[in-house]
Amino acid sequence: MSPSRCAPKITARTYVAIVAAAVAWRVPKCNSLSNMSITVPVAVASGDSAKMTCTYDLESDPLYTVKWYKGRQEFFRYVPKELPHTRVFPWPGINVDIGQSGPNQVVLRDVQKHLSGKYRCEVSADAPSFHTKIVSSWMHVVYPPVGQPVLSLEKRHYTIGDTLKGNCTSPPSSPPSNVTWYLNDKWMNSSYGKSPSLPDRSSTMNVDGMRSTTVGLKLEVNSFKVGKMRIRCVAELYGVFKTSAETVLDEEKPRLASILGTFSSTGTLKMTSQPFWIVIFISMWMR
């Protein structure tokens, strides 16, 4: 007769451990660090200050530390348990305004072009969770365009069916500005009949290394608003720095001589073929 198999004995300690593990597996873990976000200027002019903010919700946990990085290099730290609370790490060109920097923001003074790049905010909660999160965003340091674009058109008066040609050149900037055309405050797109080969776009560099952008325009005139047509070009960088130039074009009125006919070299009026009612109207008007 084969020996009977006995079930393993479960001690009270083992049973408690199994129950605790099951409860821990079923109960979702709470993350005390939530709603974290970073706000960094999309673009800032060289020489200006840049304010970066980092918001977060620690819920019931205390704050352990806030760290700021450019790329992978830490340049500022805030630790509430230390005195002083703030600490600045040497980084070429980064000038931290200590008086305006703290647990939720850091302010950089006199930012220069080479400080363009990715910035990160790292927040760590203290015991018991020690949770850590990182958020990041990009900042561009630019030389913005100064002054208005140069807008040039072939003529000032047009009639329906004429071809309008022109150029718009942005002021120098770094990086070069984006140039956009508007007709009567509407963005110019294919519905306005641009030639597929236009707009012509070119870029020229000045002695300071900044570039101007020239964009050409070509379209068939098909409408006026009360005899007027407003043309505007806008030069912008990252939607932050904008400058524009505009002009108002007049609808060219038909001349009276073109209705009656043309004069020959002897002064004789050569009548053109016109509907009879136009001739009668002109005759009555001249009485």
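Of the contacts in the chain with a separation of 6 or more, 59% are between residues 24 or more positions apart. The model is a predicted one. Its chain contains three helices and 21 strands. Of the 287 residues, 35% are buried. The chain exposes about 18,300 Å², and carbon and sulfur atoms supply 56% of that area.

## The nonpolar cores

In soluble globular proteins, nonpolar side chains tend to be buried together. In this model, the largest nonpolar core has 30 residues. Tyr-56, Trp-68, Phe-75, Leu-108, Cys-121 and Val-123 have the most contacts inside that core. Seven elements can be listed as giving two or more residues to this core: strand 1 (34-39), strand 3 (50-57), strand 4 (63-70), strand 5 (73-78), strand 8 (105-109), strand 9 (117-125) and strand 10 (132-142).

Leaving out residues up to four places away in sequence, Phe-75 touches Trp-68, Tyr-69, Lys-70, Arg-87, Val-88, Phe-89, Trp-91, Ile-94, Val-96, Val-106, Leu-108 and Tyr-119. Two of the residues in that list, Trp-68 and Leu-108, are also named among those with the most contacts inside the largest core.

## The disulfides

How many disulfides does a search of the whole structure find? The search finds two. With the bonded cysteines numbered in sequence order, the pairing is 1-2, 3-4. The table sets out the two pairs.

| Pair | Sulfur atoms apart | S-S torsion | Handedness |
|---|---|---|---|
| Cys-54 and Cys-121 | 2.1 Å | about -95° | left-handed |
| Cys-168 and Cys-233 | 2.1 Å | about 60° | right-handed |

The handedness follows from the torsion: the S-S bond of Cys-54 and Cys-121 has a torsion of about -95°, so this disulfide is left-handed. Cys-54 lies in strand 3 and Cys-121 in strand 9, so the pair ties together parts that are 67 residues apart in sequence. Both of these cysteines, Cys-54 and Cys-121, are buried. Cys-121 is also one of the residues with the most contacts inside the largest nonpolar core.

For Cys-168 and Cys-233, the torsion about the S-S bond is about 60°, so the disulfide is right-handed. Cys-168 lies in strand 13 (residues 163-169) and Cys-233 in strand 18, so parts that are 65 residues apart in sequence are tied together by this pair. Cys-168 counts as buried because its relative accessible area is 0%, and buried means under 20%. Cys-233 is buried as well, at 0% relative accessibility.

## Backbone exceptions

Most residues other than glycine have a negative phi, and most peptide bonds are trans.

Two cis peptide bonds can be described. The bond from Leu-83 to Pro-84 is cis, with omega near -5°. Pro-84 is placed in the loop between strand 5 and strand 6 (86-88). The bond from Ser-174 to Pro-175 is also cis, with omega near 0°. Pro-175 is found in the loop between strand 13 and strand 14 (178-183).

Asp-110 is not a glycine, yet its phi is positive, at about 50°. This residue sits in the loop between strand 8 and strand 9. Is Asp-110 exposed, partly exposed or buried? Asp-110 counts as partly exposed because its relative accessibility is 39%, and partly exposed covers the range between the buried limit of 20% and the exposed limit of 50%.

Val-226 also has a positive phi of about 50° without being a glycine. Its place is in the loop between strand 17 (211-220) and strand 18. Val-226 is exposed, because its relative accessible area is 84% and exposed means over 50%.

Which residues make a nonpolar surface patch of about 260 Å²? The patch is made by Val-42, Tyr-238 and Val-240. Val-240 lies in the loop between strand 18 (228-237) and strand 19 (241-251). With a relative accessible area of 43%, Val-240 is partly exposed.

Note on methods
Residues numbered from 1 in each chain as written. Predicted model: local features only at pLDDT ≥ 70, side-chain atom pairs only at ≥ 80, totals over all residues. Heavy atoms only, no water. Patch = residues over 30% accessible without salt bridge, like charges linked within 9 Å, V, L, I, M, F, W, Y side chains within 5 Å. Areas by Shrake-Rupley, 256 points an atom, 1.4 Å probe, with all protein chains shown as cover. Salt bridge = Lys/Arg side-chain N within 4 Å of Asp/Glu carboxyl O. Helix = DSSP H or I, 4+ residues; strand = E, 2+ residues; numbered from the N terminus. Buried < 20%, exposed > 50% of the residue type's maximum accessible area, 1.4 Å probe, protein only. Contact = heavy atoms within 4.5 Å. Core = buried A, V, L, I, M, F, W, Y, C linked by side-chain atoms within 4.5 Å. Disulfide = S-S within 2.5 Å.
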